[in-house]
Each structure stands twice: as C-alpha cells, then as structure tokens.
Amino acid sequence: MKIFKTILLILSLAFVISCSGKTSIQPDAKFDAEKTFAKANDLIEKKEYEDARTVLLEIKNRDHTKKYAPLAQLKLADTFLKDEDPDRAIEEYRKFTELYPDHKYASYAQYQIGNIYFNQIDGPERGSGAAFRAMDEFEKLKKMFPRNPYKEIVESRIEMCKDIISDYEFIVGNFYYKKDAYKAAITRFEGLLKKFPETKKEASVLYYLGLSYKALDNKEKAAEYFKRVVEKYPQNNIAYDAKKELSSLNKK
C-alpha cells in the first residue's frame with residue numbers, strides 16, 4: 001500500500017511540474033539578416049576582418065530568405081583579399097561562382113579571380129605562371145559571362161598576359177639556342193608561334209628558328225624562316241641580318 005501511495009505521489013508531482021513549469025529551451029529570436037549584414041560591413045570598414053568573417057558566416061547559416069547569404073559569401077572573399085590572403089580569396093570567390101552561377105555578381109567574382117593572378121605577375125621570367133593562370137581565368141570569364149561589364153579591361157589584360165608569356169617562351173628558346181641545344185630551341189620557338197601567332201616577337205622568333213635550323217645543317221628550313229622575316233618584316237632591323245643569312249646559304 002505504501003509503494004502504491006509513493007507512486008501516486010511521484011506521478012502527481014510530475015503532472016504539476018509539467019503543467020506549471022517553463023521549458024529551458026527558448027526559441028531563437030527572429031534573425032535580421034539586413035541588420036547583421038550592415039554590422040559585417042561596419043566591421044570591414046574598421047578592418048576588423050576576423051570579426052567580420054564570423055558575422056558573415058552567421059548570415060550564410062541563418063539567412064533562410066537567401067537574399068543576404070550570397071552577398072555574405074562574396075563579402076567573405078573580399079575580406080580575405082583585403083587581409084592580403086589572395087589564395088583564400090580565390091577559394092571563396094570560386095565557391096561563390098559554384099554556389100551562385102546565375103547571381104548578378106557572379107561575373108564580379110570570376111573577374112576578381114583573374115585579377116588576383118594578374119596582380120601576381122612580376123615580369124616575364126618570374127611571372128609567366130601567374131600570366132597563364134590570369135589569362136585562363138579571364139578567358140573563362142568571357143565564356144561564362146559574355147555580357148560582363150569588364151570587357152575592355154579584360155581584353156587588354158589578356159593581351160598583356162600573352163605578351164608576358166610569349167616573352168618568357170622566347171627567353172627560354174634563346175637560352176637553349178645559346179647552349180647549342182638547337183632542337184630544344186626549335187621546339188620552344190615553334191610552340192610559341194603556334195600558341196601566339198600574333199606575338200610581337202614574331203620577327204625575332206622566325207630569325208632564331210632560321211639560325212637554329214642552319215646550325216643543324218637544315219638549309220631548306222633555315223632559308224624558309226629567313227625569307228619569312230624578310231617578306232613579312234622588311235622594315236625591321238632584323239630583316240637585314242636575315243638577308244645576310246640567306247645570301248650566305250645561297251653561296252654555300
């Protein structure tokens with residue numbers, strides 16, 4: 001009987017607690033994405049990038065309207081760029097283009113990727129790798145977003161990248177030529193002409209191809225390249241040297 005009364009007492013207490021007690025888990029207050037985004041911008045203005053990133057990540061996780069989440073992702077990339085962490089910035093910009101390929105700022109994100117690589121170019125000898133990557137990203141921008149607002153500057157920078165790369169290829173080809181590695185020089189020079197047929201160094205490339213084939217005793221190919229220099233660049237100073245080389249081949 002005592003056990004029965006004890007059980008009844010326990011059940012009665014549980015019922016009272018369940019009816020009158022308050023839950024310990026309170027519902028989250030309504031998240032204001034707009035105000036939180038403004039807070040993140042304020043932190044960025046103050047150059048408090050780490051704190052800004054914490055706020056931006058909160059927006060990405062809690063903005064169910066999806067209006068500010070994409071902007072938070074973009075700002076996240078911007079903070080890494082401002083904080084001089086270009087590799088992480090590229091990673092976040094690329095994530096934006098993958099998550100929001102149709103967003104109005106997707107072309108901006110892709111442009112920034114190309115721009116970061118472009119700003120890493122440091123002359124033809126050390127900057128050719130960055131020039132290759134920048135050119136590739138700018139070409140991707142043109143393909144993905146043909147109506148992008150950066151057309152003029154992108155075209156200009158692509159041409160600059162091509163010049164840097166072709167200068168580097170010429171330096172390498174000339175290095176091989178001076179080391180008497182004529183076959184390697186020919187491979188480099190001919191590859192340069194194939195990749196960049198409009199290169200500003202075409203006259204010099206043709207001339208050194210002629211010299212390389214001459215060194216390999218391939219007079220026919222040597223004459224072919226010397227003639228192209230003379231015919232295509234008659235006013236270029238190097239055409240005079242090409243004529244001398246042709247005359248020498250003819251005498252032999």
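Colleague: Is tyrosine 108 buried, partly exposed or exposed?

Modeller: This is a predicted model, in which local features need pLDDT of at least 70 and side-chain atom pairs count only at pLDDT 80 or more, while totals for chains, interfaces and linings use all residues. Residues are numbered from 1 along each chain as its sequence is written, and side-chain values use heavy atoms, with hydrogens and water left out. Buried means under 20% relative accessible area, exposed over 50% and partly exposed in between, with a 1.4 Å probe and protein chains only. Tyrosine 108 has a relative accessible area of 22%, so the class is partly exposed.

Colleague: What geometry does the pair of tyrosine 93 and tyrosine 108 have?

Modeller: Rings of Phe, Tyr and Trp (its six-membered ring) pair if their centres lie within 6.5 Å; planes under 30 degrees apart count as stacked, over 60 as edge-to-face and the rest as tilted. A search of the whole structure finds 15 such pairs. For tyrosine 93 and tyrosine 108 the centres are 6.2 Å apart and the planes at 85°, so the pair is edge-to-face.

Colleague: Which helices hold these two tyrosines?

Modeller: Helices are DSSP runs of H or I with at least four residues, numbered from the N terminus. The pair ties together parts that are 15 residues apart in sequence, because tyrosine 93 lies in helix H5 and tyrosine 108 in helix H6.

Colleague: Is tyrosine 207 buried or exposed?

Modeller: Tyrosine 207 forms an edge-to-face pair with tyrosine 208, at 5.7 Å centre to centre and 80° between the planes. Both belong to one aromatic cluster, whose members include Phe170 and Tyr182. At 11% relative accessibility, tyrosine 207 counts as buried.

Colleague: Which charged residue sits over the ring of phenylalanine 170?

Modeller: The criterion is NZ of Lys or CZ of Arg within 6 Å of the ring centre and within 35 degrees of the ring normal. Here the charged end is 5.2 Å from the centre of the phenylalanine 170 ring, and the residue is lysine 201.
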